[in-house]
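Trainee: Could we go through this structure together? I would like to learn how to read it residue by residue.

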Amino acid sequence: MIIQMEQELICDVCNGTGYTVDGSARKEVCDACYGLGSVKGVRENVPLSPSKRRIRRALIYTFTFLFIYYGIFFYSYVRFHPGPAATIIILLIGHFAAVTYLVAFVLFSSVYTQ
């Protein structure tokens, strides 16, 4: 499904400046955009390909995991008061898990594509 959106686009005639230069090096107001530098146009948004949707979903899962992880981490940090070394180790383990998931996802999705 292609979605069409009307939006402000940079004028092709004046390249967004609002003025054009004629043969005598004199600046004149652009006839296409009337000096605004932009024109209304329609742009088609093409949906994401399946591989991009899978990567987007993997990123959403990763950020959701990290959001929940930080919630649990801050709750346990306030409740149990771990030392600096334990705090660093806990944070490294959580981030290592998130990065490992993303790397494994990219590797396996490139090997097992349909």
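Mentor: We shall take the helices, then the loops, then the surface. Please keep in mind that this is a predicted model.

Trainee: Good. Where is Thr62 placed?

Mentor: Thr62 belongs to helix α1, which covers residues 50–80.

Trainee: Is Thr62 buried or exposed?

Mentor: Thr62 is buried, because its relative accessible area is 5% and buried means under 20%.

Trainee: And what does Thr62 touch, leaving out residues up to four places away in sequence?

Mentor: With those left out, Thr62 touches Ala98, Tyr101 and Leu102. Thr62 and Ala98 are 36 residues apart in sequence, yet their C-alpha atoms are 6.1 Å apart in space.

Trainee: Let us turn to α2. How many residues does α2 have, and how far does it reach?

Mentor: Helix α2 has 28 residues and spans 40 Å from its first C-alpha to its last. That is close to the 40 Å expected at 1.5 Å a residue.

Trainee: Which residues of α2 are buried?

Mentor: They are Thr87, Gly94, Ala98 and Phe105. What covers them includes α1. Ala98, you will recall, is touched by Thr62, and Thr62 is in α1.

Trainee: What about Thr87, then? What is its relative accessible area, and what is it in contact with?

Mentor: Thr87 has a relative accessible area of 12%, so it counts as buried. Leaving aside neighbours within four places in sequence, Thr87 is in contact with Phe73, Tyr77 and Pro82.

Trainee: Now the loops. Which loop holds Asn15?

Mentor: Asn15 sits in the loop between β1 (3–10) and β2 (19–21). Asn15 has a positive phi of about 60°, although it is not a glycine.

Trainee: Where is His81?

Mentor: His81 lies in the loop between α1 and α2 (84–111).

Trainee: Are these two residues buried or exposed?

Mentor: Asn15 counts as exposed because its relative accessibility is 62%. His81 likewise counts as exposed, at 61%. The cut-off for exposed is over 50%.

Trainee: Moving to the surface, which residues form a nonpolar patch?

Mentor: Ile55, Leu59 and Phe63 form that patch, with about 290 Å² of accessible area together. Ile55 is in helix α1.

Trainee: How exposed is Ile55?

Mentor: Ile55 is partly exposed, with a relative accessible area of 44%. Helix α1 therefore holds both the buried Thr62 and the partly exposed Ile55.

Trainee: One last topic: how many salt bridges are there?

Mentor: The count comes to one salt bridge. In it, the side chains of Glu28 and Arg26 meet, at 2.8 Å from N to O.

Trainee: And how accessible is Glu28?

Mentor: Glu28 has 32% relative accessibility, so it counts as partly exposed.

Terms used
Residues numbered from 1 in each chain as written. Predicted model: local features only at pLDDT ≥ 70, side-chain atom pairs only at ≥ 80, totals over all residues. Heavy atoms only, no water. Helix = DSSP H or I, 4+ residues; strand = E, 2+ residues; numbered from the N terminus. Buried < 20%, exposed > 50% of the residue type's maximum accessible area, 1.4 Å probe, protein only. Contact = heavy atoms within 4.5 Å. Patch = residues over 30% accessible without salt bridge, like charges linked within 9 Å, V, L, I, M, F, W, Y side chains within 5 Å. Areas by Shrake-Rupley, 256 points an atom, 1.4 Å probe, with all protein chains shown as cover. Salt bridge = Lys/Arg side-chain N within 4 Å of Asp/Glu carboxyl O. Expected span 1.5 Å × (residues − 1).
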